[in-house]
Amino acid sequence: MGEEDLTEAELECLRRELTAEVAELEWEFKHAKETLYNERIAQVNNKLAQAKAGTAPEFLHVVSLVEETYRIRRQVAECRRDFAIEVANKELDNELKAAQCIMNERLLITEEQIRRRLQESMCRLQVERAAMTLHASSGGSTSRKSRSSGSPFTGDSADRSDAPTRTALATLDPNLYLPSPNLEPRKKPITLSPTTPRLVYQLSEEDIRADVETIMAAVKEHKLALAMAEMNGGKRLC
């Protein structure tokens, strides 16, 4: 049956059915669109809530990556820190050892200088005391010679006047004695008993004075040599 066979009533009924179907399809499409929109909004809100709460899978994945990177970098930083601390401690130990060695060396040099100065002072004091004693004894012997010039016992008076000269060096303090030629401390001299035999050297006053002058000149020369050596050592250190 063709279209020309349909009546107006049938066509109108068919038109109404098609219009109803189109309206129903439009309503279903609108309803589906609203449903999808609401579902999408719900998903977005859910993701937002998870992101705020920190429970979103994407957020947790990123957090795990960040934490792993942080852990690795922290381990590397700790290793570098430990290595730097170890190097700094070794450098500090080396500097302390070097400073200790320098301090010990300077202490030894200072002690040696002080010891030499003390020994030089002791030597100078001994020589000066001997010179003063010789000077006093020579003055006393000269006065005694002048007083006894008219006595018939001239030989005995000369022997008595030479006695203080011979014993001038014996009046030195036994606790203060001259150091050795290399400025090393000598052993303390042993005090002999009065009954022990002794050798008495009979020297003239001129010989004793010449010996004292020689000793003084040697001491001055030695002090000058030490001063020059210290100056040369200071220049080398500078």
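Predicted model: local features only at pLDDT ≥ 70, side-chain atom pairs only at ≥ 80, totals over all residues.
## Terms and overall picture

A residue is called buried under 20% relative accessible area, exposed over 50%, and partly exposed in between.

The protein is built from four helices and zero strands, following the pattern α-α-α-α along the sequence. Of its 238 residues, 11% are buried. The protein exposes about 20,000 Å², and carbon and sulfur atoms supply 61% of that area. Looking at contacts between residues at least 6 apart in sequence, 71% join residues at least 24 apart.

## Salt bridges in helix 2

Nine salt bridges turn up across the whole structure. Let's begin with helix 2, which covers residues 57–147. Here Glu86 pairs with Lys90, with 3.6 Å between the closest N and O atoms. The two residues sit four apart in this helix, about one turn. Glu86 has a relative accessible area of 42%, so it counts as partly exposed.

A second pair in helix 2 is Glu112 and Arg116, again four residues apart and about one turn of the helix. Their closest N and O atoms are 3.1 Å apart in a salt bridge. Arg116 is partly exposed at 32% relative accessibility, and Glu112 is partly exposed at 28%.

Glu12 and Arg15 are three residues apart in helix 1, so about one helical turn separates them. Both partners are partly exposed: Glu12 has a relative accessibility of 32%, while Arg15 has 45%.

## Surface patches

Helix 1 spans residues 8–53 and also contains Glu28. Together with Glu17, Glu21 and Glu24, Glu28 forms a negative surface patch. Patch residues need over 30% relative accessible area and no salt bridge. Glu28 is partly exposed at 38% relative accessibility.

What kind of surface patch do Leu224, Met228 and Met231 make? Theirs is a nonpolar patch, with an area of about 310 Å². Met228 belongs to helix 4, which runs over residues 205–237. With a relative accessible area of 43%, Met228 is partly exposed.

Conventions. Residues numbered from 1 in each chain as written. Heavy atoms only, no water. Patch = residues over 30% accessible without salt bridge, like charges linked within 9 Å, V, L, I, M, F, W, Y side chains within 5 Å. Areas by Shrake-Rupley, 256 points an atom, 1.4 Å probe, with all protein chains shown as cover. Salt bridge = Lys/Arg side-chain N within 4 Å of Asp/Glu carboxyl O. Buried < 20%, exposed > 50% of the residue type's maximum accessible area, 1.4 Å probe, protein only. Lys, Arg positive; Asp, Glu negative; His and termini not counted. Charge placed at Lys NZ, Arg CZ, Asp CG, Glu CD. Contact = heavy atoms within 4.5 Å.
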